Every structure is written in structure tokens, then in C-alpha cells.
2 protein chains.
Amino acid sequence: MAEVQVPVFDTLLVVGPGLIGSSVLRRARARGTLARRLIAADSSAAVCARVRELDLADEVTTDLAAAAAQADCVMLCVPVGAMGEVAAQVIPAMKSGAVLTDVGSTKVSVIEAIAPLLRADVPYVPTHPMAGTEFSGPDAGLEHLFEDRWCLLTPLESTTEAALESIRTLWERCGARLREMTPPHHDRVCAIVSHLPHLLAFTICGTADDLAAETRSEVLDLAASGFRDFTRIAASDPVMWRDIFLFNREALLEMLGRFMEDAQAMARAIRWGDEAYIVDRIERGRAIRKSLIENRQA
Amino acid sequence: MAEVQVPVFDTLLVVGPGLIGSSVLRRARARGTLARRLIAADSSAAVCARVRELDLADEVTTDLAAAAAQADCVMLCVPVGAMGEVAAQVIPAMKSGAVLTDVGSTKVSVIEAIAPLLRADVPYVPTHPMAGTEFSGPDAGLEHLFEDRWCLLTPLESTTEAALESIRTLWERCGARLREMTPPHHDRVCAIVSHLPHLLAFTICGTADDLAAETRSEVLDLAASGFRDFTRIAASDPVMWRDIFLFNREALLEMLGRFMEDAQAMARAIRWGDEAYIVDRIERGRAIRKSLIENRQA
């Protein structure tokens, strides 16, 4: 006899129903076990109109405070640079005991922006579901986006056990694998596995674009597999990535610094023909690749 | 009534039946229009044994000179660092009028290695089929590897029209799209579209691997899509890439220099919060991505 799952929350408000937010709404709609009632809020009337057309929520509104007043959980899915401003609108309106959570790709800066606005009766659970595609907006969401993907949780000292547990259950029901870590550790790990690769991809596309007109045309025509993979990464949303770079500045600049040292060392090895160094570096890439395949992530 | 295609060559010798060489052999076997008779030669007895097991050629031998003496076309498919040494073995044995060609990923250095060994009665056509996978060796070849991929030709002043035309026809029958350019231009274009992306992918894997043990384990566990694409590139053959880096040193170091300047500029923009610069760089990546899709290369 299958166990009947009680919804985690009565009313769930998703603020910013873009790629991530609308994926949560789609999952919630499809399963019925995340919340009994769904509200989507966005400051853009055009986004709200589209979310209504897609029928992703029971209520869709541009009035963030009015929506927050009804919710048992408020999930902030806006770009990390907008988190503080949006939190300032919703937190004062929230019901006592309702849970605040966010899905920002950087954690230290988002927590710094939100912490001064927190109320003692509103527990806050910072999260980062590591999922995405190169598309954005409410049309881009997918019910299965989070399946088998990591969702990182960076609870604070003030985060209550009950709130953490409810957010854990919500993401488990989205199909995600969970891991907890501190906010600074999160930012360093994500700087190397996600933010730096995107920075390099954007940069090499710009470098290619700066070449003379004749060469540029051939760069496009002749794009080998290497460049194709870079441009796949580089197709992501500009404002989201601008914010991630700026709001994870410290960790990202540290990882970029390490990378630049390593790239300079590789350049030196190539210039002086240090074959052992070059092969060692290449083989490390293969070893990581092998581990990824064993971890079913590739 | 279908036109019967006469094979381009009577006897084709592939020296180095790895990923590229064995793909040519598979195509030749499947179509029958590249050559009437196929010979594979490799200095490794183990590789020869495997090629025999796979039945990729009519004759398989470790005796390069004896094989070359029978061939109407000798195609060198060895790593670019081995081209000169292999050419020195085969050229003196070749029949007068037979065509020499190579498939090396760098052209200036390969031509420099081969040119002093050339005979007036042996026309030479340098080529570079831009195709590959992350696998290597005779088992990795694919009959359709070259379909819709570019094959670049960098003919010399001494290359005869007849030899160029026969090599063009051979690659057209492999399904490739052809383009001619000078060897130095080839090396610069490939440095930016292929060699530099691979160098960056190898380097970021090394950078990640250098992080502390705890963080490294999470790099593997948490690899986001960005890092996955890098490691896919980084899984290629170490010796082949070592040679490409060393033998396209000048163009690669120039492109890496440009890239490092751009990465430093991006780092500076992030440090000082120059949003317009960051967004401009991100949007160039998207524009190139769009062009690639329109060119059916992505």
C-alpha cells in the first residue's frame, strides 16, 4: 500500500519564476507533494502573463508583499544581485513561522544581503540547486530538471531544524541529491566547478571575436569540437552570470588566479619544450574525467 | 543510371592506423572508391595485430619502406612529432609519381619536417581533417567520422594540380567539406578554435586537481555542467596533444597571450564591478554560439 505524502507546505510562493523557479512550480504541479497551493510572483507583468498562460501556479501576481503574506514558504529564485531588494519586500509581509529560502548560485553574498532583514520568527534556509540549461525564463523550466542533480544547503546557526528538514524534503521530492556545507566552502567549490569554467568560456569567445574579420569568419566556420563545447557553456543568461561573477568575486578571483598561474606554467612548458610537465597536466584531465564517469556525472 | 566511381588510387598506404587513419581505412573499405587496395603500416607490432583482427586493410605490416614501395598514395597519420622521422623512412622508398599526404593537426611544423626530405617526383599535399573523438587507436575509428566536418588543405607551391585534385576527391568521398588556406594561417586559426580550448580544458582540470583533498573530492561530486564539458575535452590522447602544443608553439602561445590579456581584463572588471564590460563579454559568447548553430556546427 503506497504511503500518501502530505504536501511539505500548504502555500508555496516562488518569487522569480524563471528557469529554476518555474521548474519547481512544474514539479509541484505534477506531484502535488511540495505544496497544496502555488503562488508565483514577479515584478515583471510580462513574466506574470506568461506564467498564467503556462498555468504554472494557482495565483500569479506582481504584488510580492501580498503574495508573501499568504505563504508558508517563500522561495526566492531571482538573480543573486536582486536577492536583497526582493527580500526587503517580502520578509516584513511574511507570516510568523513561515520559511524563507533562496536558490542563489552564490551563498556568502546572498546571506549577507538577506541576514540584516531577517526576523526571529522567520527561519531562513539558503540553498543552491546545481541544475540548469543554457535557456532562461518561465518557458525554460522542466519538471525533471533537478533529478539526480545536487542541491547544496548552507544552513545558518539560526536555521531551525524543522525549517531545514522541510526544505530538505522539498528538494528530495524534486529528485535532487542533498549535501550540506558552510557558505564560504560552497562559494569556493562552485567557483572552481562552475563559475570559472563559465568565465573561461565567455572569455575565449570574446578573444575569438576580437580577431580580425577574416579570421573571425573562419573561427565560426571551422569551430572544432573544443570550441563547440565552450560556446555551449557561453550561451547562458548574461545578467545571471554577471551577478554570479560579481557576487562570488572573492572566491572566483582566487580560483582564476590559481588558474592563470597554471596556464602561465603551461605556456612556459610549451615554450621550453617541457614534455613531462605537459603530459602530466593532460593526464590529470583524463583522471578527473574518469572519476566523473564513475560518479555518473558525465 | 548511377555513375561508377573509379577508385582515386590503386594502392593506398595508411601509416599510423589510429583514430584518423583507421577511419580512412574503414571508409575506404566500406565505399571501395578511395583505393582498390589498402595497406596499413605501423611501427608497433601490437597495433598491426589489432588492425589485422579488425580486418581494416588488405595488407598490414611493420615494414614502412616495403609498404611505401607498393603505394600510389602514402597518407601519414602519425602524431605530428613523428612526421619527420616517418617521412624519412617512406619517401626514399616511394614510387615515382606517387602522392604523399599527411593529416597532422599542425601544418607549418609538419611541412618544415617533411620538406627537406621531398623528392621532385613525389608531390606532397598537406591536409588536416578536423574531426576526432576523445578516443584513440585503431578501435576508435569510424566510417562516418569525416562527414560534414572540415578538411583543410594547405598546398605548397610545389604541389601539383593533379595530386591536389586526387586528395580533394579522396576527402570529398569521405564526406568532408574542403577549404584551402596557407599553412601559417591554418596554424593560427586552429590555435584559437581547437588548440587553445584544449589547453584551457587540461589546465582547469589540473587546477582543480591541485586543490586540497577535501575540495577535490567535491569538485568531482559536484561537477556542474560547466566542468563536465571541460573534462570531455580533456579526455583526449596526451601524446597527440603534447605534440600539437609543441609543434604549433608560436601560434598557440600568441593566442594564449591574447586570451590571458582578456582573462585579466575580465578579472579586473569583476574586481571593480564593471558590469557593462562583463555583460559585453558574455554576450559575445552568445553571438558566436548563435552563428555556430546557424552554421550547423553545434
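Trainee: At what angle do α7(A) and helix α11 of chain B pack?

Mentor: This is a predicted model, in which local features need pLDDT of at least 70 and side-chain atom pairs count only at pLDDT 80 or more, while totals for chains, interfaces and linings use all residues. Residues are numbered from 1 along each chain as its sequence is written, chains are lettered from A and ligands numbered from 1 in the order in which they are written, and side-chain values use heavy atoms, with hydrogens and water left out. Helices here are DSSP runs of H or I with at least four residues, strands are runs of E with at least two, both numbered from the N terminus, and axes are lines fitted to C-alpha atoms, for helices over the stretch in contact, with angles from 0 to 180 degrees between N-to-C directions. For α7(A) and α11(B), which covers residues 249-272, the axes are 9 Å apart and the packing angle is about 125°.

Trainee: Is α7(A) oblique or roughly antiparallel to α11(B)?

Mentor: Angles under 35 degrees count as roughly parallel, over 145 as roughly antiparallel, 65 to 115 as roughly perpendicular, and the rest as oblique. Because the pair packs at about 125°, the arrangement of α7(A) relative to α11(B) is oblique.

Trainee: How many charged residues are in the contact of α7(A) with α11(B)?

Mentor: Contact means heavy atoms within 4.5 Å, and by this criterion residues of α7(A), including Leu199(A), Phe202(A) and Asp210(A), meet residues of α11(B), among them Arg258(B), Asp262(B) and Met266(B). Ala, Val, Leu, Ile, Met, Phe, Trp, Tyr, Cys and Pro count as nonpolar, Asp, Glu, Lys and Arg as charged, and the others, Gly among them, as polar. The contact then divides into 8 nonpolar residues, 2 polar and, for the charged class, 3.

Trainee: At roughly what angle do the axes of α7(A) and α7(B) cross?

Mentor: Helix α7 spans residues 183-210 in chain A and residues 183-210 in chain B, and the two axes come within 11 Å. The crossing angle makes α7(A) roughly antiparallel to α7(B). That angle is roughly 160°.

Trainee: How many nonpolar residues does the contact of α7(A) with α7(B) hold?

Mentor: The contact draws on residues of α7(A), including Ile192(A), Pro197(A) and Leu200(A), and on residues of α7(B), including Leu196(B), Ile204(B) and Ala208(B). Two of the positions listed are Thr207(A) and Thr207(B). With 2 polar residues and no charged ones, the nonpolar count is 12.

Trainee: Which residues of α10(B) make the contact with α7(B)?

Mentor: Here α7(B) packs against α10(B), residues 238-247, at about 120° with the axes 11 Å apart, which makes the two helices oblique. From α7(B) the contact uses Ser194(B), His195(B), His198(B), Leu199(B) and Phe202(B). From α10(B) the partners are Trp241(B), Ile244(B) and Phe245(B).

Trainee: How many of the residues of helix α10 of chain A are buried?

Mentor: Buried means under 20% relative accessible area, exposed over 50%, and partly exposed in between, with a 1.4 Å probe and protein chains only. Among the buried residues of α10(A) are Trp241(A), Arg242(A) and Asp243(A). Helix α10(A), residues 238-247, is mostly covered, and its buried count is 7 of 10.

Trainee: What is the C-alpha to C-alpha distance between Thr154(A) and Ile111(A)?

Mentor: Thr154(A) sits in the loop between β7 (150-153) and α6 (161-173) of chain A, and it is buried, with a relative accessible area of 0%. Beyond neighbours within four places in sequence, Thr154(A) is in contact with residues that include Lys107(A), Ile111(A) and His186(A). Although Thr154(A) and Ile111(A) are 43 residues apart in sequence, their C-alpha separation is 9.6 Å.

Trainee: Near what value is phi of Asp148(B)?

Mentor: Most residues other than glycine have a negative phi. Asp148(B) lies in the loop between β6 (124-129) and β7 (150-153) of chain B and is partly exposed, with a relative accessible area of 42%. Its phi is positive, near 65°.
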